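Student: Please take a close look at one part of this structure, the charged residues. Where do they sit, and what do they pair with?

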Amino acid sequence: MKRQGFTIVELLMVIGILAVLLGIITTAATASIRQARTRRANAMKQTLQNGVMAYRQLKDKWPGKLEDWAEQQNKGTVGYLSNGDYDKVMQELLKNSAGKSVKVRVMDPVGLLVMGATGTDGKSGGVDFRSAATKNGPYAKRMSTSEMTVIYQKKESGKAYRYVIEYNAESDSVTVMTQDDYWSRTEALAGEHKSWRGAEVWY
């Protein structure tokens, strides 16, 4: 008489094999998601960097009244924009990138992740600029550029954080970086420059 079905040992072995396979797949998927977030964050960082420089060349000033901010904060060489100042720069960049005429755009905003500027850092979310700027987007109403700020997603958690904008008074130059970039450079900068921040603190 032929045996039918599986023994408990055989079932446990199958379950164990499936659990191992599931663990491998989950690990691979998580690593892939993190790599994708990192690649997108770096790509957006470069887009913003190019946009800031293009704005400077086109209008002979920095976006978001960065020059006025830098002039007031003349106590040091290197400065980092606080949340409110950062949002002003991003809103000015987006405003000058959303027009129909390609000739007057300082950057291509498609692909940038944006959120409402209020209470952004550390929250989950972020939506493509095009989706946020259209009536059929995920928001209840179309968002204007004056309401947005540009964010990136942390590779580990996927939560939204602002980039950091560094202004160097000596070279009159601007660098866009992630917050991880900033923290990795803080110790090196401390030994070479007198660092300072605006009145608000980003985190």
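Tutor: Lys59, Lys61, Lys65, Lys88 and Lys95 form a positive surface patch. Patches are made of residues with over 30% relative accessible area and no salt bridge, with like charges joined within 9 Å. Lys and Arg count as positive, Asp and Glu as negative, while His and the chain ends are not counted. The place of a charge is NZ of Lys, CZ of Arg, CG of Asp or CD of Glu. Accessible areas come from the Shrake-Rupley method with a 1.4 Å probe, and only the protein chains shown count as cover for residues.

This is a predicted model, in which local features need pLDDT of at least 70 and side-chain atom pairs count only at pLDDT 80 or more, while totals for chains, interfaces and linings use all residues. Residues are numbered from 1 along each chain as its sequence is written, and side-chain values use heavy atoms, with hydrogens and water left out.

One of the patch residues, Lys65, is found in the loop between helix 1 (8-59) and helix 2 (66-72). Helices (H or I, at least four residues) and strands (E, at least two) are DSSP runs numbered from the N terminus. Lysine 65 has a relative accessible area of 65%, so it is exposed; the word means over 50%, buried means under 20%, and partly exposed lies in between.

Now the salt bridges, each a side-chain nitrogen of Lys or Arg within 4 Å of a carboxyl oxygen of Asp or Glu. The count by this rule is 5 salt bridges. One of them joins the side chains of aspartate 128 and arginine 40, at 3.8 Å from N to O. Aspartate 128 belongs to strand 4 (residues 127-128) and arginine 40 to helix 1, so the pair ties together parts 88 residues apart in sequence. Arginine 40 is partly exposed, at 35% relative accessible area.

Another salt bridge holds lysine 45 and aspartate 181, with 2.9 Å from N to O. Here lysine 45 in helix 1 is linked to aspartate 181 in helix 5 (residues 179-190), 136 residues apart. Lysine 45 is buried at 19%, whereas aspartate 181 is partly exposed at 24%.

Arginine 56 and aspartate 172 also meet in a salt bridge, at 2.3 Å from N to O. Arginine 56 lies in helix 1 and aspartate 172 in the loop between strand 7 (164-168) and strand 8 (173-177), 116 residues apart. Relative accessibility is 19% for arginine 56, which counts as buried, and 27% for aspartate 172, which is partly exposed.

Terms used. Patch = residues over 30% accessible without salt bridge, like charges linked within 9 Å, V, L, I, M, F, W, Y side chains within 5 Å. Buried < 20%, exposed > 50% of the residue type's maximum accessible area, 1.4 Å probe, protein only.
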